[in-house]
Amino acid sequence: MEDWTRIRFASEEARPSTRLAQAWLLLLLLALLTAYRLWIIPRLGVTLYIDEAQYWTWAQHLDWGYFSKPPLVAWLIAASTAVFGDGLLAVKLPSLLLYPATAWLMFRLGEKLFDARIGFRTGLAFALIPIVSALGLAVSTDAPLLFCWAAAMLCLLHAIERDRLRDWLLLGAVVGLGMMAKYTMAAFAASATLYLLGDAKRRRVFAHPGLWAAIVLASLIVLPNIVWNWANDFPTLRHTADITHVSANDKSGNLGEFLLAQIGSLGPGFAFAFIGGLLLALRKWRDPRYQFVLAFSLPLLGLVFLQALRSEANGNWAAPALLTALLLSVKWLARLKNRWWVGAMALNIILMLGAYHLSDYFALRGQPQPAKLDPIKRAKGWDTLATQVRPLLAAHPGALLLAEDRTMMAHLLYELRDLKPEHAAWAPLPHPADHYQLSVPLRDEPSSRPMLLVTRNDNSSVASRFARSEQIARIVVEVEPGLKREASVLLLEGFRGYK
């Protein structure tokens with residue numbers, strides 16, 4: 001191809017080459033940080049979060065799609081647990097590995113756009129920002145999404161610069177896999193388009209067959225998920241529309257909460273440095289490097305900003321935009337004395353250590369940790385609750401395990417995985433409201449089979465649809481001051497149908 005596609009990025013400042021030393025130091029620090037997180041998780045007294053437990057159940061039945069998300073997270077968990085078993089660390093391992101891998105990609109991106117020092121600082125900063133310190137302890141769709149987004153940014157630059165078909169195909173593969181992690185990856189296409197449109201030479205890439213080969217490959221990778229959605233009445237798209245309030249909006253907006261979440265995600269130092277970095281990028285907007293970071297941060301941030309303004313937006317919905325936002329923050333801080341970058345890093349490290357060791361602080365004081373000061377309380381107590389359900393299942397062999405909500409179902413299936421209990425979800429609505437109502441609904445037909453309903457709802461109407469019902473247990477688990485896990489267990493017989 002002609003030279004107009006070969007867009008190269010030279011450093012703003014001439015510096016001695018320290019890439020090798022920076023790269024090895026970063027790899028060492030990432031390895032130590034990952035080992036520390038592997039060590040800390042079993043000490044936190046947690047089991048899986050609700051979404052993690054649900055993803056684990058997905059991994060037991062591999063498919064091309066699931067109710068609320070595409071399938072990649074389930075595939076990753078299935079691969080990890082096939083090798084290491086179904087323990088806590090094995091389920092979480094994909095995220096524990098993908099976040100440091102993403103940090104490495106951010107080193108490569110920062111080095112390519114600026115220099116090795118910026119790359120090193122960006123990679124290390126990413127591994128320690130609060131959103132990664134939090135999500136890094138849990139398996140989620142954000143881990144493969146951020147990895148694929150970072151990889152796709154690098155692939156796009158390489159494809160434009162090198163003009164090799166394999167680079168374009170790698171771009172298509174990474175974007176396709178990102179879409180199979182989370183549909184937010186679709187925003188990558190908008191950012192890439194904006195970046196290519198920003199320069200007359202880059203606009204000629206739209207006529208290049210490599211770009212269209214990448215688009216075709218990405219589409220082919222996503223196609224099975226589209227077919228799965230079609231066959232199942234588009235549950236994932238319906239769920240996405242529901243949580244974004246596309247069809248009906250009775251929300252007043254949560255813009256303030258969303259903005260605070262972005263500050264919390266980057267950490268206060270890097271969040272405020274992003275403002276300086278944004279002003280720097282706007283001042284140098286003719287530089288293709290700053291065009292690139294603006295194109296891959298502002299559109300998604302702006303879109304979710306508007307969503308938060310009109311309705312409601314979760315704090316992690318703009319997570320991919322934080323990659324280049326962080327890069328801008330690091331670039332701006334590099335213009336100041338080193339102590340400013342060190343200070344921003346120190347704040348994030350303090351936040352991480354505080355969250356990870358808060359229970360140790362209370363233990364040293366000889367006090368129980370109150371639930372209101374426990375950031376990980378949602379992942380506690382479910383294993384103990386399930387332990388009390390276990391003998392009830394043993395006492396009623398042949399009974400079907402029944403649950404009204406996905407939280408109870410997911411936790412019971414994971415904690416009682418050795419029993420492999422037959423189970424069904426209470427599903428009285430025309431359209432399924434969660435994965436279990438879609439995949440294992442209690443069918444609307446009379447049945448004489450006994451069922452054990454485990455419910456957190458004291459006013460449950462489920463029993464009214466059975467000929468006989470008896471509460472056989474009331475479970476109360478005192479997790480910590482201010483937090484209980486409670487459930488009633490009912491023996492039900494003679495299901496008459498939902499109506």
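## Terms and model

Buried means under 20% relative accessible area, exposed means over 50%, and partly exposed lies in between (1.4 Å probe, protein chains only). This is a predicted model: local features need pLDDT of at least 70, side-chain atom pairs count only at pLDDT 80 or more, and totals for chains, interfaces and linings use all residues. Residues are numbered from 1 along each chain as its sequence is written, and side-chain values use heavy atoms, with hydrogens and water left out.

## The whole protein

The protein has 21 helices and five strands. Both are DSSP runs, numbered from the N terminus: helices are H or I with at least four residues, strands are E with at least two. Of the 499 residues, 53% count as buried.

Along the principal axes, the C-alpha atoms fill a box of roughly 80 × 60 × 45 Å.

## Strand S5 and its partners

Strand S5 covers residues 483–495. Ten of its 13 residues are buried. S5 pairs with strand S4 (residues 466–480) in the antiparallel sense, over twelve bridges. Strands pair if DSSP finds at least two bridges between them. Here Gln471 stands opposite Leu490 in S5.

S4 and S5 form a hairpin with two residues between the strands. In this hairpin, Gly482 takes a positive phi near 95°. Strand S3 (residues 451–455) also runs antiparallel to S5, joined by five bridges. Val454 has Val489 in S5 as its bridge partner.

## A buried methionine

Is Met345 buried or exposed? Met345 counts as buried because its relative accessibility is 5%. Met345 sits in helix H18 (residues 338–364). Leaving aside neighbours within four places in sequence, Met345 is in contact (heavy atoms within 4.5 Å) with Leu124, Ala125, Leu128 and Phe270. Leu124 is 221 residues away along the chain, yet the two C-alpha atoms are separated by 8.9 Å.

## An exposed phenylalanine

Phe272 is found in helix H14. Phe272 counts as exposed because its relative accessibility is 53%.
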